[in-house]
Amino acid sequence: MITKHPLFWKEWKNSKWWSVLITGIFLVMFLAINSKLENIQRLINDVDINSNRLYLESITFFEGSFSNALLVATLFIIPIVVIISTLLFRNDRKGNIGEFMGALPFTKGEQFKIKWLVGFLTLTIPFLITSILTVLIRTANWKWISDFYQESRVVEHDSLLVIMLILFQAYLFIMAFFSFLLMIQSLYANNIGASIIGVISLFAPWFIVETGLVTLSRILNRDIRILGHERFTLFYSLMAPARDSIVVNNGRGYDIHMSIFASQYYWLKIAVLFLIIILSLYLGSKSYSKNENSKNGQLIMFEWARILLVIGFVICASLLGNTGIRVLFIRETNGIFEIITLLISGIAGYKLINKILSIPGGVKYD
Amino acid sequence: MIKIKNVSKKFGNFTAIEDINIDVKKGTIFGIIGENGAGKTTLIQCMTGIYKPDQGQITINDGHVYENPKVKERIGYVADQNQYFPFFKVREMVEFYKRTYPTFSTDKFNEYNSIFKLDEDQRVRQLSKGMQMRLSLMLNLAINPDVLILDEPTSGLDAIAKKQMLDILLNEVADNQLTIFISSHHLGELERICDEIAIINKGKITYKSALDEMKENVKKLQVVFDGEPALDLKSWKEIKSIEKVGRVHYIITQEYSKDLEARLYKEGAKFIEYIDLSLEEIFIYTSEEGADDN
């Protein structure tokens, strides 16, 4: 029984409080949903309201209320996930306690899997409670909602299944985010540094593609598009567990706004999220097995991860500096200005990351 | 029981230990002495599987230690500083050990706690250094290990607790054939309990021997020559250092023998007397800086 494992027992003593906090956030979310439903019910009962208008505005209002509240809840939960993933590695990398953990009769791979399981339970319990509450609230309100809808087509769009699928996607999104952060923890030897890198590296590809294309267009003085760019952006939007709006090129030289609903490409999104979880768990477990306690506290555990970090940091710093200078000081630029600011920002970024990496850390030896 | 073969460990460019070779027999107490930064703790951390040696191998009960839970289950490790989770209560640490080590005996822990008297409801962070050390010793003895590795275990203990601890260790060796590897600055304690001793200096073992043998080999000789000796005695391999006070030459040798005395007489010695050294003196004389100073 995994709950009897000493490491699980030890980690869960702390993590259970995070589980309680997340459950609390969901409860607040339900208070908001309930309040909204009460308002709608009051409007329906009010004869002065134009029922036709109300009907149009409130199509799929349960799903709508739920999605919006879930999005807000997710924004609160994301920082908690970052904290949980950081705390799970705190003891292992903290001087004497880290040494004690290193002397215990557990393999590194086993330790990593236990940490993931603790996180899994910490995040799963609130979602399970939320699912039960969703069913209860929905059942309690369904009578008047279905009476109001009347049309079966609308009811179908606002069905319990749709809501559960949205909740499941939100859950997988959070689990994928957590698993990814845990994998990054296994690549770097400083838990706080690893968390910062983990969060940044989630947004870095999108930032590099988006900003890089704008900068390249300015250097070459023509609009640059690359095949699949929109799809790439779409991918990021699709991962979010709520509806979103993105700008895409329609191929006729002008951009259009496109709404992405939570239910669009549902199974593809689920598959991608599952893949992220499984890959993160597998790669994290493998690389954590190769972690050496003698490097604890330093940022770099593997030399290749240093190279990757420096390259990524320099590219992002270069693009960020270039964009910042352009936006803050000069709006009209030319190709040479773009190249010079890219170079200066890149060099500054290179110096900064080397400075960060040279900060002493790690074990004291006797 | 414990076999350390050609073990080296570096931290960046700093070589913490180099080419260490030690064999410890079952049911014996092996002591390691060294100055601060000599490499004792690094060696111990390699032995407990905390660090992976860069070179060489460490086996306990014929099994490699690093990333090997089966072997680690049989090792008790008492570190020089508190390593336990600060917010855990003593009883929670006992529970943690009980879940971790299948051979953990609560009865044995309680038996030792009747001597050391720790309040099980206190949190680890509330315990003094000495109390934390006692807790660590009790927990690691209660797992009934084959090997107990102790790093400066008596630091922070008062004289009575020190004596109690050393008595417990001696009893464990006598009753349960426990093998102990211990490092300490308190050489008098090691002298009292150890069967074998190694001296580590700048990451290398400079001297290693059974304690009796060590005392037999390392001697301080007072030699009076008729005039000056013809040969440069410092170049003799048996001689570690020479200091001259008046007509008396004080010679420290690591390889005392009757043959050495005979050779000194041949060089013109008129009078030779040897003095037995304590472990502390042996340590001072055999470590490089110590020898240079004397």
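1. In what order do the four strands of the open sheet in chain B stand, and is their pairing parallel or antiparallel? The order is β12-β13-β11-β14 of chain B, and the pairing is antiparallel; strands here are DSSP runs of E of at least two residues, helices are runs of H or I of at least four residues, both numbered from the N terminus, and two strands are taken to pair if DSSP finds at least two bridges between them. Because β12 (239-245) and β14 (269-276) of chain B stand at the edges with a single partner strand each, one side of each is left without a neighbour in the sheet. From one strand to the next the twist averages 20°.

2. The model under discussion is predicted, so that local features need a pLDDT of at least 70 and side-chain atom pairs count only at pLDDT 80 or more, whereas totals for chains, interfaces and linings use all residues. Residues are numbered from 1 along each chain as its sequence is written, while chains are lettered from A and ligands numbered from 1 in the order in which they are written.

3. On confidence, chain A averages a pLDDT (the predictor's confidence in each residue, from 0 to 100) of 82, with 79% of the residues scoring at least 70. Among the elements of chain A, the lowest mean pLDDT, 49, belongs to helix α2 (residues 51-57) of chain A, and the highest, 93, to helix α10 (residues 266-289) of chain A. Where pLDDT is low, the predicted coordinates should not be read in detail.

4. Chain A contains 12 helices and two strands, which follow one another along the sequence as α-α-α-α-α-α-α-α-α-β-β-α-α-α. Of its 366 residues, 33% count as buried, meaning that 20 or more other C-beta atoms lie within 10 Å of a residue's own, against 12 or fewer for an exposed residue and values in between for a partly exposed one, with C-beta atoms placed from the backbone. Of the contacts in chain A with a separation of 6 or more, 78% are between residues 24 or more positions apart, a contact being a pair whose C-beta atoms, placed from the backbone, lie within 7 Å.

5. Strand β9 (residues 196-201) of chain B and β10(B) pair in the antiparallel sense over six bridges, with B:I200 opposite B:I205 in β10(B).

6. B:K208 is found in strand β10 of chain B and counts as partly exposed because it has 18 C-beta neighbours inside 10 Å. Leaving aside neighbours within four places in sequence, B:K208 is in contact with B:I22 and B:A198; B:I22 is 186 residues away in sequence, yet the C-alpha to C-alpha distance is 8.4 Å.

7. The domain assignment of chain B, whose bounds come from an automatic or database assignment, gives domain 1 (1-74 + 146-158 + 172-209), domain 2 (84-145) and domain 3 (219-276). The centres of domain 2 and domain 3 of chain B, taken over C-alpha atoms, are separated by 53 Å.

8. The contact between the chains takes 27 residues from chain B and 21 residues from chain A. On the side of chain B that touches chain A, α1 (40-47), α2 (69-72) and α3 (90-100) of chain B each supply at least two residues, and the largest share, four residues, comes from α1(B). By class, this side has 10 nonpolar, 11 polar and six charged residues, where Ala, Val, Leu, Ile, Met, Phe, Trp, Tyr, Cys and Pro count as nonpolar, Asp, Glu, Lys and Arg as charged, and the others, Gly among them, as polar.

Note on methods:
Two residues are in contact if their C-beta atoms, placed from the backbone, lie within 7 Å. Axes are lines fitted to C-alpha atoms, for helices over the stretch in contact, and angles run from 0 to 180 degrees between N-to-C directions.
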